[in-house]
Amino acid sequence: MDKALSSSKQKKYDKAIETYTKVINRNNKLQLAYYNRGFDYLATKQYDKALWDFNKVMALQSHGDFIITYNQNSPFADEEARAQIPYNDALYQRAQVKYFMDSLKSSFIDFQTLVDNNYEEKSNCLLWQGTIYVRSGKTEKACTYFDNAKQVALTDDDRNEATEMIKTYCGQTNNNR
């Protein structure tokens, strides 16, 4: 997988995809291979394939209504456990792919699930939701989400990004927003 990751970093996405596919053919339960290949598909705008890979990562962790997470640091962890991706990280990427596929309602629902579960990127999820409202022509509703994103932002970068969205779409430059 190191070879594939190196190709990705060099923006040789087709080569990386080919290498990840070989890794997956050897062991089709390695979440990290699907996850990283999903990013490469996303980078090459192959959204349907990226969606499939992020869904696969989530499916590998789902058993009915339960999400199973293994301790990657256990001395007994196998290759599959060490290559596990947090479920919500895959859901976040899936939500973005759906956005780019113009499946806005489904994307919004995925982002809302993450917000409801206090995902670490909650502020970014709210920004994405606001952007979905902007694309839907509901700027006033979008501004509510941008305001919420600013309020829950954990970093200065996230706060600044929310502030920029507010300035761009909400016509507010004061500190009250």
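**Entry 1, the model.** I am working with a predicted model, in which local features need pLDDT of at least 70 and side-chain atom pairs count only at pLDDT 80 or more, while totals for chains, interfaces and linings use all residues. Residues are numbered from 1 along each chain as its sequence is written, and side-chain values use heavy atoms, with hydrogens and water left out.

**Entry 2, the chain.** I find 10 helices and 2 strands in the protein chain, taken as DSSP runs numbered from the N terminus (helices H or I, at least four residues; strands E, at least two). Read from the N terminus, the order is α-α-α-α-β-β-α-α-α-α-α-α. The C-alpha atoms fill a box of roughly 55 × 35 × 30 Å along the principal axes.

I looked up helix α4 (residues 47-61) against helix α6 (residues 87-100), whose axes come within 9 Å and cross at roughly 155°; axes are lines fitted to C-alpha atoms over the stretch in contact, and angles run from 0 to 180 degrees between N-to-C directions. In contact (heavy atoms within 4.5 Å), I note Y47, L51, F54 and M58 among the residues of α4, which meet residues of α6 including Y87, L91, R94 and V97. The contact residues divide into 11 nonpolar, 3 polar and 2 charged, where Ala, Val, Leu, Ile, Met, Phe, Trp, Tyr, Cys and Pro count as nonpolar, Asp, Glu, Lys and Arg as charged, and the others, Gly among them, as polar.

Helix α8 (residues 122-135) packs on helix α10 (residues 156-170) at about 15°, with the axes 10 Å apart, which makes the pair roughly parallel. I record this crossing, too, as left-handed. S123, N124, L127, T131 and V134 of α8 meet D158, E161, A162, M165 and Y169 of α10, and these residues divide into 5 nonpolar, 3 polar and 2 charged.

I looked up which residues line the largest pocket, and they are K29, Q31, L60, Q61, H63, I68, Y70, D78, E80, A81 and Q84. The elements giving two or more residues to this lining are α4 and α5 (79-82). By class, the lining divides into 4 nonpolar, 4 polar and 3 charged residues.

How values were computed. 1 Å grid on protein atoms, 1.4 Å probe; cavity = no way out; pocket = protein on both sides within 12 Å on 5 of 7 lines; lining within 4 Å. Parallel < 35°, antiparallel > 145°, perpendicular 65-115°, else oblique. Left-handed = near helix turned anticlockwise from the far one by under 90°.
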